Amino acid sequence: MQSANVPVQFTVDVFNDHGPTHVSPWSHTGSFTRLNDAISACKKKVDEFLSTHCSASSSAEALAFRYLSYGPVPCINGVENLESFDIYRFLDQRCLELTQ
């Protein structure tokens, strides 16, 4: 919960172009005062997709490809996103963890 005296420094928005065409592909996930909370929100978005699309027969490469083809892409506004949350590094790590 945020205090009224603490300014929001980071917002997390998610791009997903696999919804209805009449709706913006961008959605707002949250506003945060701490970078670690924004990073956690990004990781959660990736994990939600991976956990619903991983099966016992999935390979890490196939799961990553599926995510890159259809998954939502979170980004942090307020910082250089790739320096703060490298989605590709996190995706590779999680796909390996989930398929081992």
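Below are my notes, helix first, then rings, then surface.

I'm working from a predicted model, where local features need pLDDT of at least 70, side-chain atom pairs count only at pLDDT 80 or more, and totals for chains, interfaces and linings use all residues. Residues are numbered from 1 along each chain as its sequence is written, and side-chain values use heavy atoms, with hydrogens and water left out.

**Helix α2.** I looked up which residues of α2 (residues 60–70) are buried, and got A60, L63, A64 and Y67. Buried is under 20% relative accessible area, exposed over 50%, partly exposed in between (1.4 Å probe, protein chains only). Helices (H or I, at least four residues) and strands (E, at least two) are DSSP runs, numbered from the N terminus. Down the axis of α2, the buried residues fall within an arc of 100°, so they line one face of the helix; the arc is taken from the directions from the helix axis to the C-beta atoms. E61 and F65, on the other side of α2, are exposed.

**Rings.** My search of the whole structure turned up three aromatic pairs. In one of them, the ring centres of F49 and Y67 are 5.2 Å apart with planes at 80°, so I logged the pair as edge-to-face. Rings of Phe, Tyr and Trp (its six-membered ring) pair with centres within 6.5 Å; planes under 30 degrees apart are stacked, over 60 edge-to-face, the rest tilted. F49 sits in helix α1 and Y67 in helix α2, 18 residues apart. Both F49 and Y67 are buried.

**Surface.** Last, I checked L82, in helix α3 (residues 81–84). L82 is partly exposed, at 47% relative accessible area.
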